Amino acid sequence: FGGVGNLIQAHKVFGVIWVIVITYNVLLGFRRYFVPFARKRMLLTPDDITWFKLYPRKLLGRKVELPPQDAYNAGQKAFGYVVFLGTIAIMITGLIMTFSYLIPNDLRWIVQWSRPIHFGAVGMIVAGLMVHIYMAAFFPEEKSAFFSMFNGDVDALYARLHHKKWYDDKLKEEREYEMKVRLEEIDAHEQETTETEKSVTA
């Protein structure tokens, strides 16, 4: 970039573009995608609170039975909150620092506080991401979760063992779909039989 100054300027330019893209996508799909997803997948439940209490003991090698989890376990939900809140903090503080020349002198304290908040938010997200990748890559029971970051799929056994609520929901959906298809086949067969009988009678 030809020096630290140019690197900072490039960071500001790409940062503003990033804010515009994120804001556009949020405004475009907030009600349609984000709200339903957050309501269904990201709200903490009593089982999640129990999971937080028991999981540290599991990390220490103790045998504990964790409560059933949904598509995202409590730890993943917590990291989701960190990313969501951290992203907002990064966007706001980044804009404040980028356009600091527009802020009057008596409000310069806002710019000063923006720097540690900005760096702290980035640090929390990166730290959480490193923990997430480390656990998925090196914990034997999390191998399926690691590869799911690339292909979006986990095997049925992993889902049943680690995301029982989600597994049961998917199993129920599959059975309902199979039942629907079967009923449609029966209905089509009955209609075909009726039409055949009418043809024979005629």
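This is a predicted model: local features need pLDDT of at least 70, side-chain atom pairs count only at pLDDT 80 or more; totals for chains, interfaces and linings use all residues.
**View 1. The largest pocket and its centre.** Welcome to the largest pocket, which holds about 980 Å³ of space. Its lining is made of 36 residues, and those closest to the centre are Asn73, Gln76, Glu142, Tyr158 and His163.

**View 2. Helices around the largest pocket.** Here we turn to the elements that build the lining. At least two lining residues come from each of α2 (46–59), α3 (74–98), α4 (108–138), α5 (143–151), α6 (156–162) and α7 (164–201). Among these contributors, α4 supplies the largest share, with 5 residues.

**View 3. Residue classes in the largest pocket.** Sorted by class, the lining of the largest pocket has 20 nonpolar residues, joined by 10 polar and 6 charged ones.

**View 4. The second largest pocket and its centre.** Next comes the second largest pocket, with about 730 Å³ of space. It is lined by 22 residues, of which Val26, Phe34, Gly80, Val83 and Phe84 are the closest to its centre.

**View 5. Helices around the second largest pocket.** Two elements, α1 (4–42) and α3, each give two or more residues to the lining of the second largest pocket. The biggest contribution is that of α1, which provides 11 residues.

**View 6. Residue classes in the second largest pocket.** Look for charged residues in this lining and you will find none. The lining of the second largest pocket consists of 16 nonpolar and 6 polar residues.

Definitions and conventions. Residues are numbered from 1 along each chain as its sequence is written. Side-chain values use heavy atoms; hydrogens and water are left out. On a 1 Å grid over the protein atoms alone, a cavity is a set of points where a 1.4 Å probe fits but cannot get out, and a pocket is an open set with protein on both sides within 12 Å along at least five of seven lines; lining residues have an atom within 4 Å of a point. Grid points are joined across faces, edges and corners, and a volume is the space filled by probe spheres set on the points. Helices (H or I, at least four residues) and strands (E, at least two) are DSSP runs, numbered from the N terminus. Ala, Val, Leu, Ile, Met, Phe, Trp, Tyr, Cys and Pro count as nonpolar, Asp, Glu, Lys and Arg as charged, and the others, Gly among them, as polar.
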